[in-house]
Amino acid sequence: MSRIIMGVESSCDETGIGLVRLHDDGTVELLADEVASSVEQHARFGGVVPEVASRAHLEAMVPTTRRAFTTAGLEMSDVDAIAVTAGPGLAGALLVGVSAAKAYAAALGVPLYGVNHLAGHIAVDTLQHGPLPSPCLALLVSGGHTQLLRVDDIAGKITEIGSTVDDAAGEAYDKVARLLGLPYPGGPPIDKAAKAGDPQAIAFPRGMTGPRDAKFDFSFSGLKTAVARWVEGAQARGEEIPVADVAASFQEAVADVLTAKAVRAATESGIGTLVISGGVAANSRLSSLAAQRCAEAGIELRVPRPRLCTDNGAMIAALGAHVVAAGCAPSSLDLSANPALPVSAVSV
Amino acid sequence: MLVLAIDTATPAVTAGIVAVDPQTGGLDTVATRVTVDARAHGELLTPHVLAATEQAGVTLRDLGAIACGVGPGPYTGLRAGMVTAATLAHSLGIPAYPVCSLDAIAAAAGPGEPLLVLTDARRREVYWAAYDADGTRADGPHVGRAADLDPGGCRVLDHEHPTPLGLVRAARESLLAGDEPAPLTPLYLRRPDATEPGARKRVTAP
């Protein structure tokens, strides 16, 4: 008998409700993926404002849930379990989703599973590409996270291999976009501008790639400063800023480091599959360079479609389905959100 | 009719069940669960709701309506109560009536004399509202410095918490009339703390 799992996501600026069907053979089918985003309300601030995001979650929670059930053609009474992002994320934002999920679980009389947002970004790939091989490697890149993870069991065993020591990759995109007069969030406009530019025009630094640097950690703060120096130098000389070349060269530096480290980690650990997920996975240069380097190294590359890569409820429902299928114990209804939940805690 | 009362606008995490007599409008508190801990709203509210139903010997399915405090409240916890009320109402198919949390405190005190109700707004400010002797809100809700307030001849209710009885009493007219509830809109009274970024800082000397 298949089971319906509802997923609730509210860790940052997207209110997401997902519905999936967990089949008896363990496969997970996507039924609904509704997202309400407050990104436009944050644009003028140049980044996510936690209080603005939290207010938007409260407004969006019930309407987004209604839309998800309409899309799936299901009744709330069809739900067998509810999964919710327990962390990591913004405290006030997480609180809204966790409180909502608890109330839904109590009203429907179904078990609640507090799950890890980062693991959700990996689990979402199973909705598109089927079960994950064990082990596999995941590169998670977004506005808030940049991590290399070894996944032995999506429902229980995930180990961090490396992470950023300063800015997340997506944060660097936002800051460079601002420098170039491009809108927030910076990923899509930089990707677009870069298409007309020369990625070799400017040799921006590759952070954390020296012989004494941690092999699998990342740094994007120095790159961001290098771009700012270069732009200010050109301005001082009265030159027009070649936005396309700066964007392409910056993007090349980001994609180069991310893919080089991911492929190296997979090769050194003998792992044959790399999953790239998170908002930055939608970047065209990151995916093309990853495809090229994975092919050269004989590694299978899996990148979920862009809609699944950004924050959504389907990823939490998908992870919840794997956690349910693995027979993990549900969470207590006095579950607290944990803004700093480590990725090793897949469910709490 | 059994009404679930929820409020998280103050440091108290409040859930209770009040029986409303549809003929007389009489109110009877049948269960109350309150913990005063400003950091535990998200953690404790749903367990309190379930404990209250258990104490009342009923289930959530037996509830006819919800009365929910909508602030003003400074705590991120205000949203825990409101989203809980909104999602319970949605999934149980019952109405959720918004109640100004200060009105609930005044309603619990009962009419008879003019009242000034104050709750903590943090940042050395208070939320406040003034009530006539018949219980009607005459001024507020506002946020401001307590020192700037002149209580006049009002009895001052300072830093009390809304009770289930007060919440349901404040919503009683709408409940008994079976009105379509007003939207559950929080009374923040303050804009989010956020400033638009100024000019970017240079990284090189000009």
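1. This is a predicted model, and the count of residue pairs in polar contact between domain 1 of chain A and domain 2 of chain A, with both residues at pLDDT 80 or more, is one. Three helices of chain A, namely α1 (39–42), α4 (117–123) and α12 (313–325), each supply at least two residues to the side of domain 1 that touches domain 2. The largest share of that side, six residues, comes from α4(A), and its residues divide into twelve nonpolar, six polar and no charged.

2. The two domains of chain A are assigned as domain 1 (3–124 + 312–325) and domain 2 (136–305), with 18 residues of domain 1 and 15 residues of domain 2 taking part in the contact. Their C-alpha centres lie 27 Å apart.

3. Between them, domain 1 of chain A and domain 2 of chain A bury about 1,300 Å², of which 78% is on carbon and sulfur atoms. On the domain 1 side, A:Leu118, A:His121 and A:Ile122 lose the most area to domain 2, and together they make up 45% of what that side buries. The count of salt bridges between these two domains is zero.

4. Turning to the contact between chains, 34 residues of chain A and 37 residues of chain B take part, and the two chains bury about 3,100 Å² between them, with 65% of it on carbon and sulfur atoms. In chain A, the residues that lose the most area to chain B are A:Arg55, A:Leu58 and A:Glu232, which together account for 21% of what that side buries.

5. Which side chains meet in a salt bridge at 3.8 Å, N to O? They are those of B:Arg202 and A:Glu232, and the count of salt bridges between chain A and chain B is two. A:Glu232 is also one of the three chain A residues that lose the most area to chain B.

6. Across the interface of chain A and chain B there are eight residue pairs in polar contact, both residues of each pair being at pLDDT 80 or more. On the side of chain A that touches chain B, the elements giving two or more residues are α2 (50–72), α3 (91–108), α6 (169–179) and α8 (221–236) of chain A. The largest share of this side, eleven residues, comes from α3(A), and the residues of the side divide into 19 nonpolar, six polar and nine charged.

Technical notes
Residues are numbered from 1 along each chain as its sequence is written. Chains are lettered from A and ligands numbered from 1 in the order in which they are written. This is a predicted model: local features need pLDDT of at least 70, side-chain atom pairs count only at pLDDT 80 or more; totals for chains, interfaces and linings use all residues. Side-chain values use heavy atoms; hydrogens and water are left out. Domain bounds come from an automatic or database domain assignment. Contact means heavy atoms within 4.5 Å. Buried area is the accessible area (1.4 Å probe) that two parts lose on being put together, summed over both. A salt bridge is a side-chain nitrogen of Lys or Arg within 4 Å of a carboxyl oxygen of Asp or Glu. A polar contact is a pair of N or O atoms within 3.5 Å; within protein, one must be able to donate a hydrogen and the other to accept it, and residues adjacent in sequence count only if both atoms are side-chain atoms. Helices (H or I, at least four residues) and strands (E, at least two) are DSSP runs, numbered from the N terminus. Ala, Val, Leu, Ile, Met, Phe, Trp, Tyr, Cys and Pro count as nonpolar, Asp, Glu, Lys and Arg as charged, and the others, Gly among them, as polar.
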